[in-house]
Amino acid sequence: MNEQNINQNRKQAVESEKLPFAKNEVYRLMKENLDDDKMIRDQVKVEMNRFLYSILVNVCRHLNEYPYTTIEYEMLKECIYPYTNIERINEEKQRILMHLEAIKADCDALAMDVEKSLRLKDTTDEDSIADFSANREGE
């Protein structure tokens, strides 16, 4: 088989595959939100379709955790929060990581201070012990 036949077989397999959403609708929405000079390969259209379906499945799984038989808008808002606020969540993550780095730097500085003060204390103690033993020997 040549490369053209392989590509044609792939295209037929993709077209015959049952997708959760209308492929043309997903393609249209993608084209609306991409720059005009972008071209979208068939595999990208299919994978976007599957990805959107996986999000729907995850949201429904969370909605099923509610004990109620009626799904309310507030429940939906809570379940889609991670998807609709990803930028804010990432900003918060970065803020927390920066704060943890500052805490780590403070801890390192304190550890160095403790090491320094213990070293000074150890040498002072050793000196006083040495002086004490020297005094005892002289007696």
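Predicted model: local features only at pLDDT ≥ 70, side-chain atom pairs only at ≥ 80, totals over all residues.
## The overall pattern

What pattern does the protein chain follow when read along the sequence? The pattern is α-α-α-α-α.

Residues are numbered from 1 along each chain as its sequence is written, and side-chain values use heavy atoms, with hydrogens and water left out.

Of the chain's 139 residues, 9% count as buried (under 20% relative accessible area, with exposed being over 50% and partly exposed in between, using a 1.4 Å probe on protein chains only).

## How H3 meets H4

Let's look at H3 and H4. Their axes (lines fitted to C-alpha atoms, for helices over the stretch in contact) come within 9 Å and cross at roughly 135°, with angles running from 0 to 180 degrees between N-to-C directions. H3 and H4 are therefore oblique to each other; under 35 degrees would be roughly parallel, over 145 roughly antiparallel, 65 to 115 roughly perpendicular, and the rest is oblique.

On the H3 side, the contact (heavy atoms within 4.5 Å) is made by Ile55, Asn58, Val59, His62 and Leu63. H4 brings Met75, Leu76, Cys79, Ile80 and Tyr83. By class, that's eight nonpolar, two polar and no charged residues (Ala, Val, Leu, Ile, Met, Phe, Trp, Tyr, Cys and Pro are nonpolar, Asp, Glu, Lys and Arg are charged, and the others, Gly among them, are polar).

## The nonpolar core

Which residues make up the largest nonpolar core? Five do: Val59, Leu63, Tyr66, Met75 and Cys79. Such a core is a set of buried Ala, Val, Leu, Ile, Met, Phe, Trp, Tyr and Cys residues joined through side-chain atoms within 4.5 Å. Helix H3 (42-64) and helix H4 (73-84) each give two or more residues to this core.

Met75 is worth a click: leaving aside neighbours within four places in sequence, Met75 is in contact with Leu63, Tyr66, Tyr68 and Thr70.

## How H2 meets H3

Helix H2 (residues 23-33) packs against H3 at about 100°, with the axes 10 Å apart. That makes H2 roughly perpendicular to H3.

Here Lys23, Val26, Tyr27 and Met30 of H2 meet Asp42, Val44, Lys45, Met48, Asn49 and Leu52 of H3. This contact has six nonpolar, one polar and three charged residues.

Notes: Helix = DSSP H or I, 4+ residues; strand = E, 2+ residues; numbered from the N terminus.
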